[in-house]
Amino acid sequence: MSKVLGIIGGGQLGMMIAEAAKSIPEHVSKIIVLDPTENCPAAQVGAEQIVADFKDEAAIVKLAEKSDIITYEIESGDSDVLKSVESKAEIEPSPETLKIIQDKFLQKTFLNNNNIPVPEFVEISSIENLEKKLEHFGYPALLKARRDAYDGRGNFKIDNPDQIKEAFDYFKGQKLMLEKFVPFKMEVSVIAARNTKGQIKTFPLVENIHEENILRETIAPARVSEEVAKKAEDIANNTMTVLKGAGVFGIEMFVTQDDQIVINEIAPRVHNSGHHTLQSSETSQFEQHLRAILGLELGNTKLVYPTIMYNVLGSKSFEGKYKPITMSEPNVFLKMYGKEISKPLRKLGHFNVVGKNNESIEQLLKKLEPLKEKVVTQPSN
Ligand code: AMP
């Protein structure tokens, strides 16, 4: 039976899920998104939209009444409200899984309890407590908001005792945790899927390059040894086994100086570092997510072509309407998200540089260089 799928959030991730759904009309008949921005990216590709805040309880109930299954593209949804609508619609990943993941302290405690490696961490309850814990942790260390932190805005690196007060005040009463700073060699991630029947598949390890805490570039596959890639993929598999939720998860990790892997954080949703799969793989992460939550056999995750994904981010120097961005290079695939307004470092689109002619990552990186200039946003007036 073809199902109505509700998505909390209708940004670019919801948009690409909605597009993937079009290729399996026998399983998904309609997409409805809940998003506060009128004509959000998902609505622009044909999804019905409920215009409301992500946390609007009445709107979530309405979405559940209209849907057979609800999923989400943001992790800040209210897991208790989602739990309360479970009798109306199936929620995937489950509200229990969301509840663990959306609180970084609960998430790391859960992973730690299941013997999955994470950086050393501790809960922080007061500034005195922070001072004391830092004596044990040493410097630098990262103070993190436990919830609702995006693109690194929820972190404060403390380099010395003089910064303790500034760091504590920065979070204005939010629940906090402290984490040991990991002088990593590389940031990597695994896009992993688990379907409702327990089948698990992982996409190959990719390498992520951030600028100002925002993902800028993903290199697939990651430039690491086979042993490191296997270690990371095993950790991702183990994580999915204990986590139990159905859907695609983005598992972000650090490769340490001595080639150990520790998990930085898990996103309970499709992930920016999986956008390369739109062209590099037989199954995209968006289709895989649908397969996972619908209980279908998961698709092949083999990397068919080495690929580099580059994010189109809003220029730091202006906010407003921007000139159209185009690209016509062979084997380069630009995807803009239909956002009208550019804001500093806002994710406006991405493009994939795909190695269809057996190019090496170094050759693809060279090809990418001049293309970076073409996606610098300019005001349209
Ligand atoms: P987060 O929002 O926690 O994913 O962190 C954003 C970025 O901060 C990560 O992509 C890392 O570059 C950096 N980061 C987070 N945690 C740590 C850590 N324990 N040690 C070093 N860098 C970190």
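Reader: Into which domains is the protein divided?
Author: Good place to start! Keep in mind that this is a predicted model. The chain is split into three stretches by residue number: domain 1 (3-91), domain 2 (120-180) and domain 3 (186-375).

Reader: How many residues of domain 1 and of domain 3 are in contact?
Author: Let us begin with the distance between the two domains: their centres, taken over C-alpha atoms, are separated by 22 Å. Contact is a matter of heavy atoms within 4.5 Å. On that basis, the count is 22 residues of domain 1 with 21 residues of domain 3.

Reader: How many helices and strands does the protein have?
Author: Both kinds of element are present here. Helix α1, for example, covers residues 12-21, and strand β13 covers 214-220. Over the protein, the count is 12 helices and 20 strands.

Reader: Why is the protein said to be as compact as a globular protein of its length?
Author: Here we compare two numbers. For 381 residues the globule rule gives 21 Å, and the protein comes close to that, so it is as compact as a globular protein of that length. Its C-alpha trace spans about 55 × 55 × 50 Å along the principal axes. The radius of gyration behind the comparison is 20 Å.

Reader: What percentage of the residues in the protein are buried?
Author: A residue is called buried when its relative accessible area is under 20%. The accessible surface of the protein comes to about 16500 Å², and carbon and sulfur atoms hold 48% of that surface. Of the 381 residues, the buried part is 55%.

Reader: What percentage of contacts between residues at least 6 apart in sequence join residues at least 24 apart?
Author: This one asks how far along the chain the partners in a contact lie. Take the contacts between residues at least 6 apart, then pick out those whose residues are at least 24 apart in sequence. That share is 64%.

Reader: How far apart are the mean positions of the positive and negative charges?
Author: There are 47 positive and 54 negative charges in the protein. Finding the mean position of each group gives two points to compare. The separation between them is 2 Å.

Reader: Is helix α1 mostly covered or mostly uncovered, and how many of its residues are buried?
Author: Going along the helix, the buried residues include L13, M16 and I17. The alanines A18, A20 and A21 are buried in α1 too. The helix is mostly covered, and its buried count is 9 of 10 residues.

Reader: Which residues is H289 in contact with, leaving aside neighbours within four places in sequence?
Author: H289 lies in helix α11, which runs over residues 285-294. With a relative accessibility of 1%, H289 counts as buried. Beyond its sequence neighbours, H289 has contacts with I17, T71, G247, V248 and V270.

Reader: Is A59 buried or exposed?
Author: You can find A59 in helix α3, residues 57-66. Setting aside residues up to four places away in sequence, A59 touches L34, I50 and A52. Its relative accessibility is 6%, and because the limit is under 20%, A59 counts as buried.

Reader: Is T326 buried or exposed?
Author: Look in the loop between β17 (320-321) and β18 (332-336), where T326 is found. The C-alpha atom of T326 is 40 Å from that of P95, a residue 231 places away along the chain. The relative accessible area of T326 is 61%, and because the limit is over 50%, T326 is exposed.

Reader: What is the phi of K172?
Author: Most residues other than glycine have a negative phi. K172 lies in the loop between α8 (164-170) and β9 (176-180), and K172 is exposed at 75% relative accessible area. Its phi is positive, near 40 degrees.

Terms used
Residues numbered from 1 in each chain as written. Predicted model: local features only at pLDDT ≥ 70, side-chain atom pairs only at ≥ 80, totals over all residues. Heavy atoms only, no water. Helix = DSSP H or I, 4+ residues; strand = E, 2+ residues; numbered from the N terminus. Rg over C-alpha atoms; globule rule 2.2 N^0.38 Å. Buried < 20%, exposed > 50% of the residue type's maximum accessible area, 1.4 Å probe, protein only. Areas by Shrake-Rupley, 256 points an atom, 1.4 Å probe, with all protein chains shown as cover. Lys, Arg positive; Asp, Glu negative; His and termini not counted. Charge placed at Lys NZ, Arg CZ, Asp CG, Glu CD. Domains from an automatic or database assignment.
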